[in-house]
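Please walk through this structure with the text below as a guide.

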Amino acid sequence: MKAGYQELTDEVRSSIQNEIERTGVGPQKLLKGVEKAKKNGLNSGVIYTWIKGRSKTCKTSHIELSLKLWSEKPDKDKILPKKQINSYQLQREKHRNALLKED
């Protein structure tokens, strides 16, 4: 095997899939705006080939970078959708305004 490459084991594929499920962030969203990935030649197409089992080896730096980026993302369960945030803010403002009217 070439230097700087590693075998894509089922364990590596599984950990990538687990990160996608945990964060709700796919390869395209993960790499959006990440200049280091572009410079290294890592793009979402490369990651999709790993997930789908089309590739048997990959650059070690690609795996390390992608797993690092995913590890920095929060769990999808801990993120409120935008609508929930807006309705919460509206409720809070209505409550505040009601308190101001009482004075």
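Leaving aside residues up to four places away in sequence, Ser44 touches Pro27, Gln28 and Leu31, where contact means heavy atoms within 4.5 Å. This is a predicted model, in which local features need pLDDT of at least 70, side-chain atom pairs count only at pLDDT 80 or more, and totals for chains, interfaces and linings use all residues. Residues are numbered from 1 along each chain as its sequence is written, and side-chain values use heavy atoms, without hydrogens and water.

Ser44 belongs to helix α4, residues 44-51. Helices here are DSSP runs (H or I, at least four residues), numbered from the N terminus.

The axes are lines fitted to C-alpha atoms over the stretch in contact, and angles run from 0 to 180 degrees between N-to-C directions. Val46, Ile47 and Trp50 of α4 meet His62, Ile63, Ser66 and Trp70 of α5.

Helix α1 (residues 10-23) packs with α5 (residues 60-71) at about 25°, their axes 10 Å apart. This makes α1 roughly parallel to α5 (under 35 degrees). Among the residues in this contact are Ile16 and Ile20 of α1 and Ile63 and Trp70 of α5.

Technical notes. Helix = DSSP H or I, 4+ residues; strand = E, 2+ residues; numbered from the N terminus. Parallel < 35°, antiparallel > 145°, perpendicular 65-115°, else oblique.
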